[in-house]
Amino acid sequence: MEKVKISGYQLFVLVVLFEMGSAILLGLGSEVKQDAWIAILLGLFGGIIVFFIYYQLYKYYPDLPLTSYLQKIVGKWVGRLLGLLYIVYFMYVAARVLRDFGELLTTTIYNSTPLFIINTLMIVTIIYGVHKGFEVLARVGELYFIIIYLTAILGMLLIIFSGLIHLSNLAPILENGLNPVIKTGLTQIITFPFGEMIVITMVLPLINDKKKAKWVCLSGMVLAGINITITAVVNISVLGVDLYHRSPFPLLTTIGRIQIADFIERLDVLFMLYLVIGGFFKIAIFYYAALAGAVDVFQMKNQGKLVFPIGIIVLFASITIASNFAEFIKEGIAVTIYLSWPFQIIIPSILLTIAYFRNRKKQTSSL
Amino acid sequence: MKKWLIILLALTMTVPLLSACWNQKELTDLAFVLALGIDKGEDDMYHVSFQIVNPGNVSTGQGGGGGQGLPIAVYKSTGRTITEAARNATKKVSRRLYYAHTNLVVVSEEVAKEKNSLLHIMDGLDRDPEFRTTTELVIARDSTAEELVTTLTILDKLPVMKITKEIKATEAMLGENMSVTIDDFMNGIISTGKEPIVNGYRLVGIKEKARLAENLQTTTTDAFLAADGLAVIKDGELIDWIESNKARGVIWVLDKAKSTDITISWNGKKNGLSMVPIRSKTKVATAFKNGKPIINISIENEGWISEANTAIDLTDPKIMEKIQKLVERKIEKEVLSSVKEAQKLRCDIFGFGENVHKTNPKLWKKLESNWNDYFADLEVNVKVDSYARREGVRTKPFWSVLKFK
């Protein structure tokens, strides 16, 4: 483990950037049409409950990352195996986000640039950032948090003043009843983006004030969740349900609609700015989690040696996981069922149960 | 020595990055397509006309003064799809066609009347990342799209600007046309509770002269472009036109009308008074009677008296009230006649269906499949509240003091 400490505010910023990351760009919950925003709020609610599992585990082992207390809870060898699986999972998600980022750029502005080049440029930047250590990422986060908020507020004002928002697009609310909304919210959105807080378990031991951890993470999640909800509401009320459903990146289409006084228009650059920043932090945090996990499981002294290999794996995985965008999206659905649920919810719940009994035994025996 | 080698290596590695963007597009290598004109030939191919700006000849102001040539150039190409036509066009244009600044798509009436032709254009435009779906869509009436796209205009050097600005101006000042973008059109096509309307444009005058530079040398141009009517699209094809006199009611229901003029008779004098609304707000609400939807349209507007060609005391509040009543009745009649017109075409261009959907999703599920037929017999009520707030910079008109009759 690195000997770095980050402040509560820095963690808060990272949680917000990480949670919003790629989630804001995609049409989250578009299956339930105009009720997507309700599904997102439900997902946030579920995500908070899931976070309490992670937090409870953290309270049992406040100085250890996930991969270390795995070994304490389920034994050395099983723990190591699980830790290894988690590392692979983190790398895979990092690769997916990198692919998302690359796909977005290649479909929109860099139509003739190969995906590989764009992904390489991004991963090189991230390798450099992670190589410099987590503290650097946290500080960069503080800076970009402000930039992102300023552009978001600017974009929001421009959308409002363009007169694009038609809240009537949100009606009728709950057209097909509550069930599909609950299903989407509590099966999909709970895992993406809120359940991805699992990587924060690798970072939590770095916080300097342990008491703050809970509120920092919760407020970060809630703020990010609200931002994502607002984005969904704006997207639906600007584009209408149909276009929200048919656009792979609805926010880009929404921003493309901004037209003020015939000269403030074509502001896609705002979106690209957000895309690069959000993508950077999301990939970087997953990347860091995989790196810290690998250092921990293989008991290496120097994490610098592993930075490049993991980066290269993430880069090549991002290219090879799917041969086209449709396949990539299809895989994403399978990921929710076969990867997100086990890694984010099922395994941590089992761990918490075992940890609970172990620690109870300890307490009673010490008495 | 080793240190220098590393520095040299690092410098060499930056070289590929220094060459900048991968797919860079230099301004001088681009041909900005301002408008697309889409026709269909007898060979069943799309004949697409690309109106391209000629940058050197557009610049205005004292310094440049504009070049000698024409501000636009039009290239034509054919293809079975729009993409094919666009790629074929590169055989004729020296630069790369660039669509990010396309502001207008003109479709000929012939194409619009055929479902397959009209809808086959849309996805290519909708999907392209470069092309903007906020582009205005217009149907060429009684002329080909090519004729519209090749016409030169006097006041605005770029013909595209003339059309797009004009639509916005009539929307704001007269209310017989309204801006319809590719997006609006697509929304209407997809929605089951709303059908799209598209502006009609006509080339008036001597068509052969429209594309000649000499068309710009006269004050009354021999050929000019004018908005004319609204095309009603049902099931993806043009079924009929709503002419200008009925169009205003449509725009009014759609809540796009900002200003217009209402002329009424006063004391037996025909066209005695004109009122100009300056603000208008339309609300459409669905009520239910015996499980059947009824549409209530309420229009509220306020304005001023812009003309009084009769002896009338405009300082009397009672008279103003009477004027308001007359104006209200006039607008009511106009809106109702537009609604009747649409009902006759069995085509819900007002989006009443969407309104029913939003207020009563359950009932909508039953009506959705044959909504347009249901719409034809729908009960529609119109209620107008007009307020004539002021009467310009004169109180009584000079007619009141005239000695002769």
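Two residues are taken to be in contact if their C-beta atoms, placed from the backbone, lie within 7 Å. In this predicted model, 16 residues of chain A meet that condition with 10 residues of chain B.

**Where chain A meets chain B**

- On the side of chain A that touches chain B, helix H4 (76–108) and helix H9 (213–246) of chain A each supply at least two residues.
- The residues on this side of chain A divide into nine polar, four nonpolar and three charged.

**The two domains of chain B**

- The domain assignment of chain B places residues 28–242 in domain 1 and residues 244–405 in domain 2, and the centres of these two domains of chain B, taken over C-alpha atoms, are separated by 32 Å.
- Between them, 22 residues of domain 1 of chain B are in contact with 25 residues of domain 2 of chain B.
- Helix H7 (159–173), strand S8 (223–234) and strand S9 (237–242) of chain B are the elements that give two or more residues to the side of domain 1 that touches domain 2, and S8(B) gives the most to that side, with five residues.
- That side of domain 1 of chain B is made up of nine nonpolar, seven charged and six polar residues.

**Nonpolar cores**

- The largest nonpolar core has 119 residues, of which Phe90(A), Ala94(A), Phe286(A), Tyr287(A) and Ala290(A) touch the most other members.
- Helix H11 (residues 268–297) of chain A contributes the largest share of this core, namely 19 residues.
- When its neighbours within four places in sequence are left aside, Tyr287(A) is in contact with Ala94(A), Ile126(A), Val130(A), Ile310(A) and Val314(A).
- Another core, lying apart from the largest one, has 88 residues, and among them are Ile139(B), Met186(B), Ile295(B) and Phe350(B).

**An enclosed helix in chain B**

- Helix H11 (residues 352–359) of chain B is largely enclosed by the rest of the structure, because seven of its eight residues are buried.
- These buried residues of H11(B) are Phe352(B), Gly353(B), Glu354(B), Asn355(B), Val356(B), His357(B) and Lys358(B).
- The elements of chain B against which the buried residues of H11(B) pack are strand S11 (269–289), strand S12 (292–308), helix H12 (361–367) and helix H13 (371–376).

Technical notes
Residues are numbered from 1 along each chain as its sequence is written. Chains are lettered from A and ligands numbered from 1 in the order in which they are written. This is a predicted model: local features need pLDDT of at least 70, side-chain atom pairs count only at pLDDT 80 or more; totals for chains, interfaces and linings use all residues. Helices (H or I, at least four residues) and strands (E, at least two) are DSSP runs, numbered from the N terminus. Ala, Val, Leu, Ile, Met, Phe, Trp, Tyr, Cys and Pro count as nonpolar, Asp, Glu, Lys and Arg as charged, and the others, Gly among them, as polar. Domain bounds come from an automatic or database domain assignment. A nonpolar core is a set of buried Ala, Val, Leu, Ile, Met, Phe, Trp, Tyr and Cys residues joined through C-beta atoms within 7 Å. A residue is buried if 20 or more other C-beta atoms lie within 10 Å of its own, exposed if 12 or fewer, and partly exposed in between; C-beta atoms are placed from the backbone.
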